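Have a look at the sequence and the fold, then read on.

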Amino acid sequence: RLQYHRNHDALTGLLKRDYFENAIQNVIQTHNIDVHPVLACHIKISHLKIINDQCGSVAGDELIRELTECIRILLKENEIFCRISGTEFGLIFVNSSIEEAQDKITDLLDQMLDFEFEWNDKPMPVSLNAGIYILKDKSENWMNVISFMDAACLSSQKESENSFKIFADDDNDVIAKHRQMGLVSTIIKALQNNRFQLFYQL
């Protein structure tokens, strides 16, 4: 039981971020992705903070449970579905073609257009955004894949709610988001390691 709680999210029963990261690396190493690519996806919930602030965390928890079920029914058996943060899910469509997986994500986002979440008879705004990365190169590593999906998801949020972006090397906006994320990481590491120097001119 202790092992289960260590690996699974208490609210949804989904596996946690560590499992998702390991699963990405395992797919890269063990699947024939150079012949049969695999789609990985990062889904982010928008407006959860508004719901928590206005209705309380019990309402936010109920929304997460409802969205978890909306996503779960799209997946085939043994496909990977994890909760990777408070507002984020990770999916790996190991048993679906790229076209099938994209269709499922499109269906999910289309459902959100009609999705209604009410708490105490009060309708609340809900939307999702998704960042997609196609696993097709055996030289990849899970850290890059996570970073690429995050950048694509941020780019999607910038464009519109209930939309997705596929990471592409020629998409300037996604590349810019990826570089910004890398710069933030560099600054944080420099602060942690006391590597900043102050220069001033009299």
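A polar contact here is a pair of N or O atoms within 3.5 Å; within protein, one must be able to donate a hydrogen and the other to accept it, and residues adjacent in sequence count only if both atoms are side-chain atoms. Keep that handy for Thr68, whose side chain reaches the backbone oxygen of Ile64 at 2.7 Å.

## Ground rules

This is a predicted model, where local features need pLDDT of at least 70 and side-chain atom pairs count only at pLDDT 80 or more, while totals for chains, interfaces and linings use all residues. Residues are numbered from 1 along each chain as its sequence is written, and side-chain values use heavy atoms, with hydrogens and water left out.

## The overall layout

The protein has 7 helices and 7 strands. Both are DSSP runs numbered from the N terminus: helices are H or I with at least four residues, strands are E with at least two. Read from the N terminus, the order is α-α-β-α-α-β-β-α-β-β-β-α-β-α.

Of the 202 residues, 44% are buried. Buried means under 20% relative accessible area, exposed means over 50%, and partly exposed is in between (1.4 Å probe, protein chains only). As for contacts (heavy atoms within 4.5 Å), take those with a separation of 6 or more: 67% of them come from residues 24 or more positions apart.

## Thr68 and its helix

Thr68 sits in helix H4, residues 57-72. It counts as buried because its relative accessibility is 1%. Leaving aside residues up to four places away in sequence, Thr68 touches Thr12, Leu14, Phe81 and Phe89.

H4 also packs against helix H3 (residues 48-55), at an angle of about 140 degrees and with the axes 6 Å apart. Axes are lines fitted to C-alpha atoms, for helices over the stretch in contact, and angles run from 0 to 180 degrees between N-to-C directions. So H3 and H4 are oblique to each other; that label is what's left after under 35 degrees (roughly parallel), over 145 (roughly antiparallel) and 65 to 115 (roughly perpendicular). On the H3 side you'll find Leu48, Ile51, Asn52 and Cys55, meeting Ser57, Ala59, Gly60, Leu63 and Ile64 of H4.

## His42 in strand E1

Is His42 buried or exposed? It's buried, with a relative accessible area of 3%, and its place is in strand E1, residues 38-46. The side chain of His42 makes a polar contact with that of Glu88, at 3.0 Å.

Other residues that His42 touches include Ile84, Phe89, Asn129, Met149, Asp150 and Cys153. The chain also brings Ile146 into the picture: 104 residues away in sequence, its C-alpha is 8.1 Å from that of His42.

## Cysteines

How many disulfides are there? The structure holds 0, a disulfide being a pair of cysteine sulfur atoms within 2.5 Å. For Cys41, the nearest cysteine sulfur belongs to Cys153 and is 7.7 Å away. Cys41 counts as buried at 0% relative accessibility, and Cys82 is buried at 0% too.

## Two positive phi values

Most residues other than glycine have a negative phi. Asp121, in the loop between strands E4 (117-119) and E5 (122-124), has a positive phi near 65 degrees. Asp121 is exposed, with a relative accessible area of 72%.

Asn162 also has a positive phi, about 55 degrees, without being a glycine. Asn162 lies in the loop between helix H6 (142-159) and strand E7 (163-166), and is buried at 16% relative accessible area.
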